[in-house]
Amino acid sequence: MSDNPLLQPWDAPYALPPFNRLRAEHFEPALREAMRRHREELAAIAGQATAPDFDNTVAAFDRAGKLLARVASVFYSLTSSATSPALQAVQRAMAGPMAAHQSAVYMDAALFARFDALHERRAGLGLTAEQRRLLERIHLDFVRAGARLEPARQARYAQVMEELARLTTQFAQNVLHDESTWQLVLQGEPDLAGLPDFVRTAAHQAAIERGVDGRVITLSRSLVVPFLSFSERRDLRERAWRAWVGRGESPGEHDNREIARDILRLRNEQARLHGHRCFADHALTDTMAGTRAAVQGLLGEVWPRALAAVERERQALLQAMAAAGAGDELEAWDWRYWAEKVRRERFAIDDAEVKPYFRLENVVAAAFDCAQRLFGLRFVPCEDLPVYHPDVRAYEVRDAGDAVVGIFMQDNFARPAKRSGAWMSSLRWQSRNGGAQLPVILNNNNFARGGADEPTLLSLDDARTLFHEFGHGLHGLLSDVGYERLSGTQVLRDFVELPSQIFEHWITEPEVLQRHARHHQTGEAIPQSLIDRLHAARRFGQGYETVRYTASALVDMAVHALEAPEPPADLCAFEAELLRELGLPHGVGLNHRLVHFQHLFAGSSYAAGYYVYLWAEVLDADGYDAFVEAGSPFAPEVAGRLRRHVYAAGNSVEPGAAYAAFRGRPPTVQPLLKKRGLLEAEPA
Ligand SMILES: [Zn+2]
């Protein structure tokens, strides 16, 4: 124990983790020891003779478990971004015990009795609004984790949670397996037909990283999407497409089909133990939406309009195909290819023309510049801070008065040992409970790296993703609350995408583009004519994206709204049948199929929750209009309100109230429909 660096004091600057000394075998003993110490701290709270009060129970609970939080956050960072077979084995071994620990904490009867007593008389305790919110939040955490169940049901509930933790871990590892092992090797010029230089370079770089000669296409989104958009080789597009949508569905030891069913069966049981008819009902009780009807109401508002929009786009693609003598067979692996051609013809927009203006470093600088103009933050590179991989860049974040308010780390590149997607995580949350604690915030992206002497160039979508995750990062960094449980992004799931999605708006502001979108070779600012064309083209393709997203959200709701304890025998058939009933047009596809839907099955926090992006988009589209109405994307007064009520408030205020305080009124759905071009029949 004593030579385990995870358990020794972390003496790096800002008490950052000793990454360079960590080995896989350190984690299991450290996690077990940290859980033991957490239980000891909680036993002291539960066993004290003094009657419960806010400080000796609620604040003390919020302060407990710091070592566990630190070790676990380092562990999850590594298993997500720099994993190894040894770490994966630890992850599988510890998923159950970690879940059991959670259950033991929240089913501790003596501890819950103290919270319950305080909760009962919370109105008379003389608490501040934030203290009362903390008490209510933790009390709800207890109830939702089974604190009120009778002992026999508690024992079963804990088993269910352990089993779910094991299965979701396995599900994620299976997806990573399929993503990191599949590759399409491109042999010579015929295989490269149609691919612009940036795709060739990225494919070459991916080949080097995998020790292959020539060029490979992997299932990393920033490689497979451009390949599907540009490759003239229909047969290769089909192969890439089938592998991409087939992740998680290969027979053998990495097959997710039965695992997803097992997860659904256990979630149904979890919900029933709480007295709910289905998992969706259980999940939605702790959201802004609150009910299935509210979620279906929003999805139902969007779905038919999105179908109409995608039909207009389909007609445009068919016309282009006819003009090119390409027949009328529009399959899923053709859609992006022909959409790219239409975009080029109709709007004179070509990804290969756009990307040279979006060099990674410039997009990062643009995000930092926006954070400075809006919130007065400066990001100062710190090369001597410990990081877990040479790709990671670390920054001190300084406020207008030059005080360090947090540490930001950014890990931008795809690697075989890193999971797909983009996400924000925290190595430490901001808090003032027991002394000031600075946030340490991490952003992960999965961009295809440029070649050895080539810059990494982003698409506009990639740039938007970087801004999205950076928005989550600001939510962590600007947090200004008293208690850790209320800090940063630990808000309701359908509110958490507001700070990230509203930040996406700035990347397409002409003022930001003129300043930061500079050609990587000439240094020239992006021409106004290209900005105008990007603006004109911004709604083309929205039908496709909206249908793919909304269909995934509808499948998620449907599969988690099933009331029968036994899930459908064949999930893939269930999914296909549902999509047929919904009228998903041929050739469009889903954002995620169930067998690799990591939001749903690599953990539980987005299960029955994929709708949250659309829910938050109602807020971000409506919210960004506040800047439009004020006449400037950097209007200081609006930025001040956005900071105070959204980015800084964490979970200290009920989200509906926080939004209304920022906007001066509740949100309306119209700006979302307008933004996506779904308001009326308009030309695609
Ligand atoms: Zn997000």
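Me: Which strands does helix α3 lie across?

Reply: Helix α3 (residues 66–81) lies across β5, β6 and β7, and α3 runs at about 150 degrees to β6. Angles run from 0 to 180 degrees between N-to-C directions, with axes as lines fitted to C-alpha atoms, for helices over the stretch in contact; contact means heavy atoms within 4.5 Å. Helices (H or I, at least four residues) and strands (E, at least two) are DSSP runs, numbered from the N terminus. Do keep in mind that this is a predicted model, where local features need pLDDT of at least 70, side-chain atom pairs count only at pLDDT 80 or more, and totals for chains, interfaces and linings use all residues. Residues are numbered from 1 along each chain as its sequence is written, and side-chain values use heavy atoms, with hydrogens and water left out.

Me: Thanks! And what does helix α18 lie across?

Reply: Helix α18 (residues 460–477) lies across β3, β4 (393–398), β5, β6 and β7, running at about 170 degrees to β7.

Me: What's the strand order in that sheet?

Reply: The order is β3-β4-β5-β7-β6, in an open sheet of five strands with mixed pairing. Two strands pair if DSSP finds at least two bridges between them. β3 (378–381) and β6 each have a single partner strand, so one side of each is left without a neighbour in the sheet.

Me: How does β7 pair with β5 and with β6?

Reply: Strand β5 (residues 404–413) pairs with β7 in the parallel sense over six bridges, and V440 in β7 is the bridge partner of I407. With strand β6 (residues 423–428), β7 runs antiparallel, joined by five bridges. S425 has L442 of β7 as its bridge partner, while W423 has N444.

Me: Is β7 (residues 440–447) enclosed or open?

Reply: Eight of its eight residues are buried, so β7 is largely enclosed by the rest of the structure. Buried means under 20% relative accessible area, exposed over 50%, partly exposed in between (1.4 Å probe, protein chains only). V440, L442, N444 and N446 point one way from the strand, and I441, N443, N445 and F447 the other way.

Me: New topic: how many residues are in the largest nonpolar core?

Reply: That core has 136 residues, and those with the most contacts inside it include F358, F467 and W506. A nonpolar core is a set of buried Ala, Val, Leu, Ile, Met, Phe, Trp, Tyr and Cys residues joined through side-chain atoms within 4.5 Å. Helix α14 (residues 292–323) gives the largest share, 13 residues.
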